[in-house]
Amino acid sequence: MNDVKVAVVGAGFSGMGAAITLRQNGFDDFVVLDRGSDFGGTWRDNTYPGAACDVPSHLYSYSFELNPEWSRSFSKQAEIHAYINRVADKYDLHSRTRFRTEVTDARWDEDQNRWIISTDSETDGAQQIRAEILVGAIGPLCEPRLPDIEGIEGFEGAIFHSARWDHETDLTGKRVAVIGTGASAIQIIPELAAKVGHMDVYQRTAPWVLPRADREYTALEHWIFKNVPGAQRLSRTGIYLAHELVSYGLTHRPDVLRPAHAIGRANIRRGIADPVKRKKVTPQFKVGCKRILLSNTYYPALGQDNVDVVTDGIAKVTPTGIVTKDGTEREIDAIVVATGFHVTDSPGFEHIVGKDGESLAQVWDRDGMAAYKGSTIHGFPNMFLMIGPATGLGHTSMVFMIESQLNYLADWLKTVQRNDITRTEVRADVQREYNREVQSTLETSVWENGGCSSWYKDKFGNITTLWPGFTFNYRKATKNFDLAAYETQRAESARRPEPQSASV
Ligand code: N01
């Protein structure tokens, strides 16, 4: 059994951020575990054609690692992944990270006052790690959601999820079906439309797709970002503030976003000539209710003669095609499944077991998905969840939210160290009240009133994934660790003697 002060599960943006924060605050006794073979999480896994960020690059990066070299306003996956790896190198995260190591179980042991983490890896087999603190940085968009469609397992052609792209399969000239029209699909479809023989796009709900102000940065801009002090930060702040304005409409006044409907419809008219197709892809809910998508190439791709938009609903998949509810069968060679992720029901939640022997999945399945400040959960002592409930965003960079959580994490660790505390657990009443306030703020939001269904809601119909309002309010809420919100245990009253640890 290995002993560490902190075990971080996940080496994406949030897990890396946690590792860097630990280092910067003198907590050097940690390990990062990741089942993949590289840093980057979702930016490592999503290699589909056209994968890019729909948040401007200067904002979608760590505030402490600005990158003057971004080649364009909206970076592509490879460039973001390369940036992530540069950051990992700079902060020497490789030496602390065990890749190809799957966490099969993380269980709070009340007697030892520790997390017992079971791992499985190709090289070391099954192992256990004992940690004072568990940081769950597994990411909400890591477990592909496969559609439950009759016959899909029997399909004889190529079939893969957007986040598990099969680069060995050449789709050139093939008949391809794409299921889904979300953020991933609208990036994939234009790339495929240019090379496949024919494409059927199976659309269940037409999304709002607005134009994207994407362009390459000029040599002069690169020079300015590199050489003029504060220029890049100023640009970043401008992008940040512009995006924050949208959050007011999303949370409190959906009607102020109505002009976006006209922009979206104009985007459809610009891209598609056929009135039948135009009608099919015109959304029937208020903009913002589902994630607002950005693309200049999606509608022109749908407008191509070799692309059909199918809205009849899928009845079943046969070995060679897809049958819609009207009885039509369309023969295909390959299916791209762009149906999103298990966000509110991630299998990862089943592996985290709290003080009462219940997994996070069981607790949330019974009580609904909830945490305190999106980070700590009653029943799960000494655990910190990155990108937990009510931290997601529909309008700006998640890296901002991650860094807010990192402030809270750092202040938590410093506070417990200063006060000789060995165990913290958020009080049930505090967590309840916090979530009551979150839900009450959401009552006016477009996600509640916009006339759509979305993965922002859990099975109880509560919006459990999104932060309601301005992100600077979340930054403020997470600035300091609020000890009074927690039940604590000090070293002298711990059930077992403290193990020797250099950093506590
Ligand atoms: O997944 P989605 P995604 N039959 O859940 C449809 C982030 N992201 O991978 O709308 C037929 O958005 C479903 O239909 P409906 C971003 O946060 C970021 O595209 O539910 N269709 C929908 O059209 C995003 O929100 C970037 O009716 C079915 C689609 O599949 C999140 O990832 C880029 C179906 C799923 O869309 C997920 O995006 C890409 C079925 N059985 C992604 N089941 C950035 O740029 C589902 N659908 C940062």
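The model is predicted: local features need pLDDT of at least 70, side-chain atom pairs count only at pLDDT 80 or more, and totals for chains, interfaces and linings use all residues. Residues are numbered from 1 along each chain as its sequence is written, and side-chain values use heavy atoms, without hydrogens and water.

**Exercise 1.** Describe the packing of helix 1 against helix 3.

Step 1. Helix 1 spans residues 13-24 and helix 3 spans residues 77-90; helices are DSSP runs (H or I, at least four residues) and strands likewise (E, at least two), numbered from the N terminus. Their axes come within 11 Å and cross at roughly 20 degrees. Axes are lines fitted to C-alpha atoms, for helices over the stretch in contact, and angles run from 0 to 180 degrees between N-to-C directions.

Step 2. The crossing is left-handed, that is, the near helix is turned anticlockwise from the far one by less than a right angle (clockwise for right-handed).

Step 3. F13, M16 and I20 of helix 1 make the contact with I80, Y83, I84, V87 and A88 of helix 3, where contact means heavy atoms within 4.5 Å. By class, eight residues are nonpolar, none polar and none charged. Ala, Val, Leu, Ile, Met, Phe, Trp, Tyr, Cys and Pro count as nonpolar, Asp, Glu, Lys and Arg as charged, and the others, Gly among them, as polar.

**Exercise 2.** Describe the packing of helix 1 against helix 11.

Step 1. Helix 11 (residues 398-418) packs on helix 1 at about 35 degrees, with the axes 10 Å apart. This crossing is right-handed.

Step 2. From helix 1 come F13, S14, G17, A18, T21 and L22, and from helix 11 come V399, I402, L406, L409, A410 and L413. The classes are nine nonpolar, three polar and no charged residues.

**Exercise 3.** Identify the residues that come nearest to the ligand.

Step 1. Of the 22 residues around the ligand, D54, A183, S184, T205 and K290 come nearest; near means a heavy atom within 4 Å.

Step 2. A backbone N or O atom of D54 lies 2.7 Å from a ligand oxygen atom. For A183, a polar backbone atom is 2.9 Å from an oxygen atom of the ligand.

**Exercise 4.** Locate G394.

Step 1. G394 lies in the loop between strand 18 (383-385) and helix 11.

Step 2. G394 and K290 are 104 residues apart in sequence and 8.0 Å apart in space, C-alpha to C-alpha.

Definitions and conventions
Polar contact = N/O pair within 3.5 Å; in protein donor to acceptor, adjacent residues only side chain to side chain.
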